[in-house]
Amino acid sequence: MAAKIVVKDLSFSYNHQRVLSAVNLMVEADSILGIMGPAKSGKTTLLRIFNRLCDLIPHVRIEGEVFLDGENILRPGLNVDRLRKRVGMVFDKPVPLPRSIFENLAYGPRLHGIKDKKRLEELVERSLRLAQLWDEVKDRLNESAMKLSGGQQQRLCIARTLAMEPEVILLDEPTYGLDPISTLKIEQTLQSLKESYTIVLVSNNTWQVARTTDNVAFLFMGELIEYGSTHEIFTVPKDKRTDDYISGRFG
Amino acid sequence: MLQRIVKAQLWSLTGFTIGILFFIIFFISIKGLPQITLEFLTSNPVDMGRSGGIFSTIVCTLYLIFVSLMIAMPLGVGAAIYLTEYTRESRLTHIIRFGTECLAGIPSIIMGLFGFAFFVMALGLGWSILSGGMTMSIMLLPTIIRTTEESIKAVPYELREVSFSLGVTRWQTVTKVVLPSALPGIVTGIVLGIARCIEETAVIIFTVGSSLRLPESFFDSGRTMAVHFYILAREGISMPNAYGTAAILILSILFINLSAYYLARQFLKKIC
C-alpha cells in the first residue's frame with residue numbers, strides 16, 4: 001500500500017525535555033494506524049505534529065522530517081492552515097463550538113470559502129451521515145450543539161472534521177469517557193471511514209486498538225518500540241515491552 | 001450556634017450594603033422624580049439652570065459617551081486581544097499591564113489637568129467634546145482592557161484548538177469564536193465606561209467646559225449632566241433642578257446597566 005505519511009528521525013523536545021526521540025514510522029493510505037503506549041509516551045505529541053498543532057506550545061524543538069504525500073510538513077514557511085484543512089483532528093474531549101449543530105459543521109468550510117448555502121447543506125448532511133449522527137439530529141440542526149449527549153457531541157466533532165473534506169483524520173482517544181454504545185458507534189464509524197480516509201488513532205484502550213486498527217505503533221517513553229500490522233503485534237510481538245504492555249503487565 | 005451568628009452577621013453586612021444603595025436611590029428619587037416632566041427633559045436650561053430643563057446637558061453627555069467609546073473601545077479591546085491572543089506572557093506584557101494599572105490609579109483631577117494642558121491648550125482643541133472624549137477615553141482604557149482580557153481568558157482554550165485544527169486562522173478564530181463567547185465581559189467593560197462618562201465631573205470641567213448651550217458638533221464645548229448637577233448644587237442655584245438632574249443620572253445608569261446585561265444574555269442564549 002502507498003504511504004500517506006512518512007516520519008523520519010523525528011525528535012521533539014519541550015523545555016529541554018525529550019518527548020519523542022528518533023521516531024521512524026509510516027502511515028499507509030486508507031488504513032487505520034493505532035498508536036498506543038502508556039501515559040507520557042509521546043502519543044498525543046506525535047499526533048499534534050501531524051497537523052502542526054504543536055506550534056501552539058512555546059519553547060519546543062523539533063528535529064527530523066514528516067512527509068505528507070512526499071511534502072515535508074515541518075519545513076518553515078509551510079501554509080499551516082492549508083495543512084490543517086487536509087489533516088483533520090478529533091480531540092479526547094468532545095468540544096462543540098457554542099453554536100447550532102449546523103453551524104458547528106459549516107464553520108470550517110465557510111471560513112475556507114464555501115459560501116453557497118446549498119453546497120454547505122449537502123456537506124453538512126453528508127458529514128453527519130458519515131459520522132452516523134444524521135438520523136439522530138436531522139430534525140434539529142438549528143438547535144445548540146451543547147444540548148447533545150457526550151457520545152453525540154463526539155460524533156458531531158468527527159462530522160465537523162469530515163466536513164472539511166480532509167485526507168487524514170487524527171483521533172486523540174476519541175472514546176475517552178464515553179459509554180460502550182457510543183464507543184461502539186464511533187468504532188463502526190472509523191471502520192467505514194477508512195475506505196477513503198487515512199486515519200491515525202491514539203488510544204489507551206488496548207482492545208480498541210486491536211479491534212479497529214490495521215497497523216500499530218507502540219510508543220514507550222518517547223521511543224518507537226515496535227511497529228507492524230495489528231495482527232502481528234497482538235499475536236507475536238517482537239519486543240518484550242510490547243508483550244508486557246498488551247498483556248496488561250504495565251501501563 | 002456560632003455558625004448562625006456568623007451567618008447573621010454576614011447577612012446583615014450584605015443587607016447594610018444593599019440598604020445604602022436603596023437609600024440613595026430612594027432619597028434621590030423622592031427629591032428628584034417630581035421635577036421630571038417631559039418639558040424638563042426637552043427644554044434647555046434657562047437663567048443658569050434656575051428654570052428650564054436639562055436638554056442641552058443630556059445631549060452633551062450623549063456626545064461625550066459616543067466620542068469616548070469610539071476611541072476607547074477599539075483601543076481597549078484591541079489591546080486586550082493583543083495581550084491575550086497574540087503574545088505570550090513576557091516582560092513586555094508585564095510592563096504593558098503595569099502601565100494600564102498605573103493609568104487606572106491616576107486621580108481624575110490630574111487627568112483633567114492633563115487633558116486641559118494637552119488637548120485643550122497644546123493641541124488647540126479648546127474646551128470641546130472632542131477634548132473631553134479623548135481625555136475620558138484614556139481613563140476608560142484600563143477598565144475596558146482589564147474586563148475584556150479577563151473575559152477572553154475565560155473562553156476555554158479547547159475552543160481555540162478546535163478552530164485551529166480546522167485550519168482557521170488566528171484572527172478568524174478570535175473574531176468568530178473567542179470574541180462572541182467573551183462578549184458579556186466586554187459589554188461589562190463598556191457599560192462601566194458609559195457609567196464613568198456619565199458620572200465624571202472633574203475631567204469634564206477641565207476639558208469640555210461648563211457652557212450651557214446646546215453643542216452642535218464635537219468641537220463645541222458643553223456641560224454634562226453631572227457637571228450641571230454639581231454647579232446647580234454647589235452654587236445653590238436650584239436644588240430642585242439639581243435633584244431632578246441627579247435622578248435622571250441615576251435612572252440612566254440603572255437603565256444602561258440592566259439593558260446591557262439583558263442584551264448580553266439574549267446574545268449568549270442565541271449562540272449557546
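Two residues are in contact if their C-beta atoms, placed from the backbone, lie within 7 Å. I wrote this down before anything else, and I noted beside it that the model is predicted.

**Entry 1: chain A as a whole**

With that cut-off I looked up the contacts in chain A that have a separation of 6 or more, and I found that 69% of them join residues 24 or more positions apart. I then went through the secondary structure of chain A, which comes to ten helices and ten strands. The radius of gyration of chain A is 18 Å, close to the 18 Å that the globule rule gives for 251 residues, so I noted chain A as being as compact as a globular protein of that length. Taken along the principal axes, the box that its C-alpha atoms fill is roughly 50 × 40 × 35 Å, and 46% of the 251 residues of chain A count as buried.

**Entry 2: the sheet**

Which order do the strands of the open six-stranded sheet of chain A follow? I read it as β6-β7-β8-β3-β9-β10, with mixed pairing. The edge strands are β6 (87-90) and β10 (223-229) of chain A, each of which pairs on one side only. Ignoring direction, I found neighbouring strands of this sheet turned by 15 degrees against each other on average.

Helix α1 (residues 43-50) of chain A packs on the sheet, where it touches β3, β6, β7, β8 and β9 of chain A, and its direction makes about 155 degrees with that of β8(A). I also looked at helix α6 (residues 150-162) of chain A, which lies across β6 and β7 of chain A and runs at about 170 degrees to β6(A).

I next followed β3 (residues 32-36) and β9 (residues 215-220) of chain A, which pair in the parallel sense over four bridges. Here A:I35 stands opposite A:A217 in β9(A). Leaving out residues up to four places away in sequence, I listed A:L25, A:L33, A:I35, A:L224 and A:Y227 as the residues that A:A217 touches. The largest nonpolar core has 126 residues, and A:A217 is among those that touch the most other members, together with A:A159, A:L170, A:V200 and B:L64. In soluble globular proteins, nonpolar side chains tend to be buried together.

**Entry 3: where chain B meets chain A**

How many residues does each chain bring to the contact? I noted 16 from chain B and 22 from chain A. On the side of chain B that touches chain A, α7 (157-165) and α8 (170-199) of chain B each supply at least two residues, and α7(B) gives the most, with six residues. Sorted by class, this side of chain B has eight nonpolar, five polar and three charged residues.

Conventions: Residues numbered from 1 in each chain as written. Chains lettered and ligands numbered in written order. Predicted model: local features only at pLDDT ≥ 70, side-chain atom pairs only at ≥ 80, totals over all residues. Pairing = 2+ DSSP bridges. Axes fitted to C-alpha atoms, helices over the stretch in contact; angles between N-to-C directions. Rg over C-alpha atoms; globule rule 2.2 N^0.38 Å. Buried ≥ 20, exposed ≤ 12 C-beta atoms within 10 Å, placed from the backbone. Core = buried A, V, L, I, M, F, W, Y, C linked by C-beta atoms within 7 Å. Nonpolar A, V, L, I, M, F, W, Y, C, P; charged D, E, K, R; others polar.
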